[in-house]
Amino acid sequence: MTGSRPTPRRRGPIEVRWRQLRNAPRPVFRAVMSSLAVAVVLGLGYLAYDIALSRGIALPGGDLRVLFVALYVLVVLTAGSVVTWLVVPQPTGSRGRVVRSPWSAALGLFAAVPIAWLVMVVVVQVLRPLLGGP
């Protein structure tokens, strides 16, 4: 037969996931990166605050690490939802019309939950011991 195409080779599960990771849809990538940016900035702020307290630097208000972590989670989740709602429009098929829905905010919230946790784990369990602390 002329014009017949060869059957594509079957990819393994790891190769499929790697390809999906490299070619992530833009809305998913934007949702994850917006949450990640906010989490990294606030996580580094927490790290600086924690190091300052452990070195005996007197800060106004005393030890507010628990409050800082609670605000960190609240701000990362809120910022992830709001920024995703702003940058991830719902597909409409029309070029000039932009529609936003609560689903965009939900995507941001669901992306922000594991990111907030992972960044705090890296800050507390990896960076903190590397920078000289318990």
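Five salt bridges are counted in this predicted model. Side chains of opposite charge can pair when their charged atoms come close. Here are some of the pairs, with the distance between N and O atoms.

| Salt bridge | N to O distance |
|---|---|
| R11 and E15 | 3.8 Å |
| D50 and R128 | 2.7 Å |
| R65 and D63 | 2.8 Å |

Let's start with D50 and R128, whose side chains form a salt bridge. D50 belongs to helix α2 and R128 to helix α4, so this pair ties together parts that lie 78 residues apart in sequence. Are these two residues buried or exposed? Both D50 and R128 are buried. Salt bridges with shared partners link D50, D63, R65 and R128 into one network.

Now for the helices. Helix α4 covers residues 102–130, and its 29 residues should span 42 Å at 1.5 Å a residue; the C-alpha atoms at its ends are 41 Å apart, which agrees. Along the way, α4 has a kink of about 30° centred on V123. V123 is also one of the buried residues of α4, which include A112, I115, A116 and V119. What do the buried residues of α4 pack against? Their partners are α2 and α3. After α4 comes G132, which has a positive phi near 85°.

Helix α3 has 23 residues and reaches 32 Å from its first C-alpha to its last, close to the 33 Å expected at 1.5 Å a residue. Its buried residues are Y72, V76, A79, G80, S81 and T84, and they pack against α2 and α4.

Between α3 and α4 there is a loop, and S101 is found in it. Why does S101 count as buried? Its relative accessibility is 9%, and buried means under 20%. Leaving aside neighbours within four places in sequence, S101 is in contact with W85 and Q90.

V28, F29, V32 and M33 make a nonpolar patch of about 320 Å², and F29 lies in helix α2, which runs over residues 26–54. An α-helix has 3.6 residues a turn, so residues three or four places apart point the same way.

Key. Residues are numbered from 1 along each chain as its sequence is written. This is a predicted model: local features need pLDDT of at least 70, side-chain atom pairs count only at pLDDT 80 or more; totals for chains, interfaces and linings use all residues. Side-chain values use heavy atoms; hydrogens and water are left out. Patches are made of residues with over 30% relative accessible area and no salt bridge: like charges are joined within 9 Å, nonpolar side chains (Val, Leu, Ile, Met, Phe, Trp, Tyr) within 5 Å. Accessible areas come from the Shrake-Rupley method with a 1.4 Å probe; for residues, only the protein chains shown count as cover. A salt bridge is a side-chain nitrogen of Lys or Arg within 4 Å of a carboxyl oxygen of Asp or Glu. Helices (H or I, at least four residues) and strands (E, at least two) are DSSP runs, numbered from the N terminus. The expected span of a helix is 1.5 Å times one less than its number of residues. The bend at a residue is the angle between axes fitted to the seven residues ending there and the seven starting there. Buried means under 20% relative accessible area, exposed over 50%, partly exposed in between (1.4 Å probe, protein chains only). Contact means heavy atoms within 4.5 Å.
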